[in-house]
Amino acid sequence: MLNVTSPKDVALNADIIFTMVGFPQDVEDVYFKDNGIFAGLSAGKIIVDMTTSTPTLAKKIGQKAEEIGVESIDAPVSGGDVGARDGQLTIMVGGSKKAFETLQPIFEIIGKTNHYFGNFGAGQHAKMANQIMIAGTMTGLTEMFVYAKAAGLDLQSVLETVEGGGGDNWSLENYGPRILKGDFKPGFYSKHFLKDLRIALDESEKMGLDLPATKQAKKLYETLVDEKGLGNDGTQALIKLW
């Protein structure tokens with residue numbers, strides 16, 4: 001087995017390099033530091049960053065890759081721990097169309113769907129749209145339980161009822177049962193979701209958009225992560241604010 005000790009070593013020895021780390025600064029370090037991926041790349045290779053990061057950084061990586069003859073794509077995913085475990089992720093891709101087509105056999109193994117959205121950074125923009133939607137479902141899930149409990153309803157029955165109607169959604173099905181069990185282990189870290197909401201709102205501001213519901217979700221997760229210190233809990237820990 002090949003023994004590598006740095007991203008540079010990986011890039012020297014592999015033709016296709018996938019990365020998925022925590023924050024945009026981590027991505028910057030993995031690619032651009034002296035022992036980073038770009039230090040070991042050569043023409044003809046493919047790099048794939050699956051971190052949820054900023055469109056700006058995805059463009060920076062893509063442009064640097066083009067300069068040295070490397071194909072680059074940004075390919076953030078959605079689906080949480082369940083999607084990753086079951087090979088049922090949704091993959092959102094921007095960057096090299098050629099690389100996207102080359103990697104289809106790999107994407108079909110780890111994901112149930114994958115979509116190409118355009119040039120460098122487009123995959124990250126698609127992920128931000130996804131996270132904006134998730135922000136609404138997570139706050140709705142939380143407030144649904146808060147309201148139902150205050151009204152004296154059986155929460156398991158409420159969960160089953162809403163799942164069977166127009167209020168059904170992925171967050172409800174996957175995180176509702178965990179909340180009722182008191183299971184706050186991360187399928188997706190709260191600190192990472194807060195990072196995503198901050199990126200989404202920063203990009204929205206650049207486009208002249210005001211997203212008040214997403215802003216409110218960010219404030220709630222800031223309370224959970226920054227004030228309560230619960231960033232390593234899953235996103236379903238939002239219920240702890242009540």
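Predicted model: local features only at pLDDT ≥ 70, side-chain atom pairs only at ≥ 80, totals over all residues.
Colleague: Which residues of α7 and α9 meet?

Modeller: From α7, Ile134, Thr137, Met138, Leu141, Met144 and Phe145. From α9, Ser171, Leu172, Tyr175, Gly176, Ile179 and Leu180. The residues of this contact divide into nine nonpolar, three polar and no charged. Gly counts as polar here.

Colleague: What puts the buried residues of α2 on the same side?

Modeller: In α2 (residues 24–32), the buried ones are Pro24, Val27, Val30 and Tyr31. They cover an arc of only 125° around the axis, so they lie on the same side of α2.

Colleague: What covers the buried residues of α2?

Modeller: The cover includes helices α1 (7–13), α3 (55–67) and α10 (190–206). Strands β1 (16–19) and β2 (46–49) are also among the covering elements.

Colleague: Why does Val10 count as partly exposed?

Modeller: Val10 lies in helix α1. Its relative accessibility is 31%. Buried means under 20% and exposed over 50%, so Val10 is in between.

Colleague: What is Val10 in contact with, leaving aside neighbours within four places in sequence?

Modeller: Val4 and Ile17. Leu153, by contrast, is 143 residues from Val10 in sequence and 55 Å from Val10 in space, C-alpha to C-alpha.

How values were computed. Residues numbered from 1 in each chain as written. Heavy atoms only, no water. Buried < 20%, exposed > 50% of the residue type's maximum accessible area, 1.4 Å probe, protein only. Helix = DSSP H or I, 4+ residues; strand = E, 2+ residues; numbered from the N terminus. Arc of directions from axis to C-beta. Contact = heavy atoms within 4.5 Å.
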